[in-house]
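Q: Please go through the terms used for this model and say what each one rests on.

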Amino acid sequence: MMYALKNSYTDQRRCVPPAQPLHLFFVIFIVGGARGEVRYYVPEELQPGSVIGNLMLDLDLDVAEMAKRNARVVAEGDRQFCNLNEETGFLLVSERMDREELCAQAAVCVLQFQLLVENPLQVYSLVLEIQDINDNTPFFVNGEIELEIAESTAVGRRFPLESAWDPDLGPNAVKSYRLSKSDYFALEMNYQVNGNASPELVLHRTLDHETLVEHHLTISGIDGGDPVRSGTAAVLVRVLDANDNVPVFSQRVYRASVVENSPRGTLVTALNATDSDRGQYGEVMYSFSHVSDETRGLVEIDSVTGVVRVTGLMDYEESSAHELDVRAKDGGGQSSHCKLIIDVIDVNDNVPIVSVKSASASVAEDSYSGAMVALLNVHDPDTGAGGRVSCYISDNVPFRLISEVKNYFMLVTDDVLDRETHSHFNITVTAADDGSPPLMSSEVISISVADVNDNAPIFTHSFYDAEVPENQPRNTPVVRVSAEDRDLGKNAKIKYSLSSHADFFSVDADTGNVFTVRPFDHETLNYFQIDVTATDGGDPSLTGHCTVRILVTDQNDNAPVILYPVQSNGSIAEEMVPLSAPEGYLVTKVVAVDADVGHNAWLSYRIVQTSQPNLFSVGIHCGEIRTLRPFTEDDVNKHAIVVSVKDNGAKSLSATATVRIAVGDTAAALDELSGLSTGVQMDSDFTLHLLISLAAVCVLFLFLTGALVCFGRRKPTFYRESVSNLPVFPPTYSRRGYSSQCATLHDDSRSDWFLTTGSWKGDFRFGSGVIDYDAIKAKSVAPPKNKIVVRVSAPGRETQRAGKVFLK
């Protein structure tokens, strides 16, 4: 059964864990501020495992919650003495507690403990006041007391005896003495001014040396405990011949003081006892009749002079006062006693002691300001100013010290922590007392800042530029992107992913290497801009982004394509050249394009085959076929020239174009060319084809004649411009703004007129502005004056390249 007194109210609680003994304790709570103090009155000598009290119930704490928060009891000293049962919340004895060993003769014996609770860290003060029990038997230091009394001693004379010693206090200390039965002596108590009592042997009957030389007595010291304990000593009284006076001290009680840590030989005091007898009966010898264990070896007395000096280390913290019994004995054997009390004066000789009771090895960098990191106990065994302790840390750390319980300091965060700036702190806690001179000590607390995911991945570059050749196989490496995260561990583990163009590229999630997903065609797609995302492993995760600009570079994978003259399985357009054409006359122009770009699209032209050498030349870069000299009567009228067009790639590709040229006067050439054209294709329907061809020639002749009449003022000379408007490129091979060497392609506007090649087959083209026949027919565009607009489509052609004919 345990009794608790809480806030001046008493309630009875039965707290009996299985297989535990019961004890009667009193509990006092002192509640103030945010912390409480619980005090238990505990008898000494309890067996380990004995219940002291239900600590959780007395502090109104939940047992299950305290177990999760790692509640534990911490002692201020080196010995624990008690611990907490986490399952029941009971405070149990863990080690034998001997009040006499712990506190000696102190009036109050107190052990200080702290209940620590983590997450968050809280501190409750716990005090055990050890109650004395009667566990020690009184004893006499000297098991036999010897007295020498002269036979002439008067009746009623008192002889001080050695007091019995009992380490117990209060009611358990020595309370009375008993003397064995004697006809000559009786026992009486001598009560001193400090309340102590000592036994004295009183003479009741005159002694006779001749009758009885020695008297054998027994004295018993009895304490006040229950049950009673007692100790005995033998008293031997020798009867002497006449020694009429006993030594007499000048004071019944001597009191002296000595500074602690005084050196050996320091004078404490000088005792003085006198004896009126002469000779050996008047010589006084001094000695200690009783010395406690705490005092033994600290002082000595000169047996002749009575001077008391220091012989050992006086430590105020171990004992603040020492009490000794001094005996003065003359040569005749008579003696008297006095009390010597030595007070030890405290000096500031102890440095403050800093003890780390609880400390976190790390603190999260996102911890709130005021989060507790460590709990420190700081105390100084000195008293007065020397025992007042202040505690501080350096100013350049994001921590501070606060104190809510006496002698306890909490190290808490005082500012924002950033692991990336400072990942570790060695905090020096310094404690200094107020003594003169002040003493100080320090303790270093190491604290690591735990990482949280507060930094997003950052790419080393915001933009990456890369090139990949076309026609490369799948999984061709393109570029490696790299991001860094200032966090640690999984918070810094980065995974890469694509935010766009996942059908064309992939990225290795671990390395950041970007690969192709399929081959590319520069002529179809030649530029990509993809977004790469870096995601860390934190929770929640953070991301970073970068842009990768990828250019698909050209490879020489396209051969040149001949646009003009059109190469077909049927007839090839034949160029007509007047017989009077001068040297350098522009016959025609081979037009070719290459779908590649750059060097791979640079084209060069050369004649690889001709029917008559040294008559025609081709521009190596522009493809213009010109005459090398004027024609003569000996030259043939029909020529076939094979022109090779080659690109400038590392492994060049080429194509050939066949150009047919007819030389002669305009009208004859037309008839000849028409005949040649129809003669080649003549078959069983020759007559029908001939009639159709003649009709076509007649129609064309009439148009030409009309044109000559209308422009009779000018010399009716047919010529071809040096830079003619050639057929428009097919969309596959033309690019916006494209222009080949020698001005191959230009806008469709010219100031002069000319007759295009193969005009006998219906292709005419003039250049004083393009007028759309369809638009005129729809009456959306007014036809120009004095102009005839004809739209003719050449039969057998795959495409209509030059579909507008103008005659001026």
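Q: How many bridges join strand S20 to strand S24, and in which sense do the strands run?
A: Three bridges join S20 (residues 267–270) to S24 (residues 307–310), and the two run antiparallel. Within this pair, Ala270 stands opposite Val307 in S24. The model is a predicted one, in which local features need pLDDT of at least 70, side-chain atom pairs count only at pLDDT 80 or more, and totals for chains, interfaces and linings use all residues. Residues are numbered from 1 along each chain as its sequence is written, and side-chain values use heavy atoms, with hydrogens and water left out.

Q: What else pairs with S24?
A: Strand S23 (residues 299–301) is joined to S24 by three bridges and runs antiparallel to S24. Val299 stands opposite Val310 in S24. S23 and S24 form a hairpin with five residues between them, and Gly306 in the turn has a positive phi of about 80°.

Q: Which strands pair with S41, and over how many bridges?
A: Strand S37 (residues 477–480) pairs with S41 in the antiparallel sense over three bridges, and strand S40 (residues 505–507) also pairs with S41 in the antiparallel sense over three bridges. Val514 in S41 stands opposite Val479 and is also the bridge partner of Val507. S40 and S41 form a hairpin with five residues between them; Gly512 in the turn has a positive phi of about 85°.

Q: Why is Gln114 called buried?
A: Buried means under 20% relative accessible area, exposed over 50%, and partly exposed in between (1.4 Å probe, protein chains only). Gln114 has 2% relative accessibility, so Gln114 counts as buried. Its place is in strand S9 (residues 110–117).

Q: What makes the link between Gln114 and Tyr408 a polar contact?
A: A polar contact is a pair of N or O atoms within 3.5 Å; within protein, one must be able to donate a hydrogen and the other to accept it, and residues adjacent in sequence count only if both atoms are side-chain atoms. The side chains of Gln114 and Tyr408 are joined by such a contact of 3.4 Å. Contact in general means heavy atoms within 4.5 Å. Not counting residues up to four places away in sequence, Gln114 touches several residues, including Arg72, Glu76, Tyr124 and Tyr408.

Q: Is Gly435 buried or exposed, and where is Gly435 found?
A: Gly435 has a relative accessible area of 11% and is therefore buried. Gly435 is found in the loop between strand S33 (424–433) and strand S34 (440–450). Not counting residues up to four places away in sequence, Gly435 touches Asn348, Ala385 and Gly386.

Q: Why do S27 and S31 count as edges of their sheet?
A: Four strands form an open sheet in the order S27-S29-S32-S31, with antiparallel pairing. S27 (353–359) and S31 (399–405) each have a single partner strand, so one side of each is left without a neighbour in the sheet. The partner pairing of S27 and S29 (residues 372–379) runs over six bridges.

Conventions:
Two strands pair if DSSP finds at least two bridges between them.
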